[in-house]
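Visitor: I would like a close look at one part of this protein, the nonpolar core and the helices around it. Could you take me through that part slowly?

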Amino acid sequence: MRRPVHKALDRPAVFFVFRGRFTGYFLAGVAVAVTAGLLAGRMVAGYVGVVIFAALFITDAYAVVRLQSRMTERELARYIASRRLPSCIRVSSSDLDMICRFRNGTLWK
C-alpha cells in the first residue's frame, strides 16, 4: 500500500477550515470579538456581550473563508507586500540629467 508523504513546506497547516496564514487572521478576529464581547458585557449586560461576540465571530469566520476562497496564501502575501511599496518615486530633473549622463558615459567629463 502506498501513502503520499508531504514535507512540512508542501502543504500549509490547516486549522478547522482555515489554511496557513489565514489561521492567524481568523485568530486575530476572534481576539477582537472576545474583547468587544467582554467590553459590551461589562458595560451593558452579559447577554448583549454574548450576542456581540457571536455576531463578530460569525462575521470574522465568513470574511476569512471568503478571503481564502478569493486568493491563495501566496497571492495574499504578494498583495500585502505590494501595499507596503510606494506607488511612485519622485525624482527631480537634476537627478534625471545625472542618470542620463551616467548612461551616456559623460558623468565625469
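Guide: Contact here means that heavy atoms lie within 4.5 Å. This is a predicted model, in which local features need pLDDT of at least 70 and side-chain atom pairs count only at pLDDT 80 or more, while totals for chains, interfaces and linings use all residues. Residues are numbered from 1 along each chain as its sequence is written, and side-chain values use heavy atoms, with hydrogens and water left out.

With that in mind, Phe 22 touches Val 64, Leu 67, Gln 68, Met 71, Thr 72, Glu 73 and Leu 76, when residues up to four places away in sequence are not counted. Phe 22 also belongs to the largest nonpolar core, whose seven residues are Phe 18, Phe 22, Phe 26, Val 30, Ala 61, Val 64 and Leu 76. Such a core is a set of buried Ala, Val, Leu, Ile, Met, Phe, Trp, Tyr and Cys residues joined through side-chain atoms within 4.5 Å, where buried means under 20% relative accessible area, exposed over 50%, and partly exposed in between (1.4 Å probe, protein chains only). The elements giving two or more residues to this core are helix H1 (21-43) and H2, and H1 supplies the largest share, three residues.

Helix H2 covers residues 46-70 and includes Tyr 47, which is exposed, with a relative accessible area of 61%. Between Tyr 47 and Gly 37 there are 9.3 Å in space, C-alpha to C-alpha, and the two are ten residues apart in sequence. Helices here are DSSP runs (H or I, at least four residues), as strands are (E, at least two), numbered from the N terminus.
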